[in-house]
Amino acid sequence: QVQLVESGGGEVQPGGSLRLSCAASGPPFSRYGMGWFRQAPGKEREFVAAISYSAGIYYADSVKGRCAISRDNAKNTVYLQMNSLKPEDTAVYYCAAQYGDNWSPRRDYRYWGQGTQVTVAS
């Protein structure tokens, strides 16, 4: 069983930055692909970024150039650095995990965290 706990959310002004963290517990973290999703009020959950256990990286077009995903296998943690934040980035951000590399990084995850709120407003 994999458990995921997000942290690092909060309030920031437009143009500001945040770094989200997702701490994982359970079976070997290094064997899992990891993803970030977000859900804004009244909208469906959408893909943000993903990183495979072999360090392949994927981004949504909406955040490309402003966000960076990384992982520290020794700490069982995945990060999402977000820069140049916009009001439309406001959402609950979720961490997700899927075993192995044979998956669609934009869609297929078995394990999910509870989410952390990001609010971008002046």
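## Overall architecture

Of the 122 residues of the protein chain, 45% count as buried, where buried means under 20% relative accessible area, exposed over 50%, and partly exposed in between (1.4 Å probe, protein chains only). The model is predicted, so local features need pLDDT of at least 70 and side-chain atom pairs count only at pLDDT 80 or more, whereas totals for chains, interfaces and linings use all residues. Residues are numbered from 1 along each chain as its sequence is written, and side-chain values use heavy atoms, with hydrogens and water left out.

The protein chain contains 0 helices and 11 strands; both are DSSP runs numbered from the N terminus, helices being H or I of at least four residues and strands E of at least two. The radius of gyration of the protein chain is 13 Å, close to the 14 Å that the globule rule gives for 122 residues, so the chain is as compact as a globular protein of that length. This radius is taken over C-alpha atoms, and the globule rule is 2.2 Å times the number of residues to the power 0.38. Along the principal axes, the C-alpha atoms fill a box of roughly 40 × 25 × 25 Å. Among contacts (heavy atoms within 4.5 Å) with a separation of 6 or more, 60% are accounted for by residues 24 or more positions apart.

## Strand pairing and core

Strand β3 (residues 18-25) pairs in the antiparallel sense with strand β1 (residues 3-7) over 5 bridges. Strand β3 also pairs in the antiparallel sense with strand β8 (residues 77-82), over 6 bridges. Two strands pair if DSSP finds at least two bridges between them. S7 stands opposite S21 in β3, and A23 stands opposite T77 in β8.

The largest nonpolar core has 37 residues, and those with the most contacts inside it are L4, M34, W36, V78, L80, M82 and Y93. The elements giving two or more residues to this core are β3, β4, β5 (46-51), β7 (67-72), β8, β9 (91-99) and β11 (116-120). A nonpolar core is a set of buried Ala, Val, Leu, Ile, Met, Phe, Trp, Tyr and Cys residues joined through side-chain atoms within 4.5 Å. Leaving aside neighbours within four places in sequence, V78 is in contact with residues including L20, C22, M34, W36, I69 and C95.

## Cysteines

The model has 1 disulfide, defined as a pair of cysteine sulfur atoms within 2.5 Å. C22 and C95 form this bond, with their sulfur atoms 2.1 Å apart. The pair links distant parts of the chain, C22 in strand β3 and C95 in strand β9, 73 residues apart. The torsion about the S-S bond is about -85°, so the disulfide is left-handed. The sulfur of C67 is 14 Å from the closest cysteine sulfur, in C95, which is too far for a bond.

| Cysteine | Relative accessibility | Class |
|---|---|---|
| C22 | 0% | buried |
| C95 | 0% | buried |
| C67 | 10% | buried |

R38 is found in strand β4 (residues 32-39). With a relative accessible area of 5%, R38 is buried. The side chain of R38 makes polar contacts with the side chain of E46 at 2.7 Å and with the side chain of D89 at 2.9 Å. A polar contact is a pair of N or O atoms within 3.5 Å; within protein, one must be able to donate a hydrogen and the other to accept it, and residues adjacent in sequence count only if both atoms are side-chain atoms.
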